[in-house]
Amino acid sequence: QVQLVESGGGLVQAGGSLRLSCAASGRTFSNYALTWFRQAPGKEREFVAGISRSGGSTIYADSVKGRFAISRDNAKNTVYLQMNSLKQEDTDVYYCAARFWVISSYPREYDYWGQGTQVTVSS
């Protein structure tokens, strides 16, 4: 199994940047696709970005293309989300999730979740 812990959230002004990290434990980290989701109160959990097992393929939600970048370092068992040009609508709790083998944009298809890290973007 995989255990995930997010970090790096915080308060930032619009137009600023944050880098989120998700540290994983487990011997099979490299067998899992990693994704970032986000969720605001009263809203459904939303797919943000995903990365394949090797890091060779990435998928982004249209709302973050050109602003966010997902990457992973399998040697460190860590996935990152670099967030630039942040907007107020990016304010959410961000979760990392792991799914065996391939990327999915559907939360119900993920087996492992972190506890989340809060990102707040002010004007």
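Strands here are DSSP runs of E with at least two residues, numbered from the N terminus. Keep in mind that this is a predicted model, where local features need pLDDT of at least 70, side-chain atom pairs count only at pLDDT 80 or more, and totals for chains, interfaces and linings use all residues. Residues are numbered from 1 along each chain as its sequence is written, and side-chain values use heavy atoms, leaving out hydrogens and water.

Now for the neighbours of β11. Strand β2 (residues 10-13) pairs with β11 in the parallel sense, over four bridges; pairing takes at least two bridges found by DSSP. Here V12 has V121 as its bridge partner. Strand β9 (residues 92-100) runs antiparallel to β11, and three bridges join them. In that pairing, V93 stands opposite Q118.

Step back, and the protein chain turns out to have 11 strands and zero helices. Its C-alpha trace spans about 40 × 30 × 25 Å along the principal axes. Of the 123 residues, 42% count as buried, meaning under 20% relative accessible area with a 1.4 Å probe, protein chains only.

What share of the contacts between residues at least 6 apart in sequence join residues at least 24 apart? The share is 59%, with contact meaning heavy atoms within 4.5 Å.

Methods. Buried < 20%, exposed > 50% of the residue type's maximum accessible area, 1.4 Å probe, protein only.
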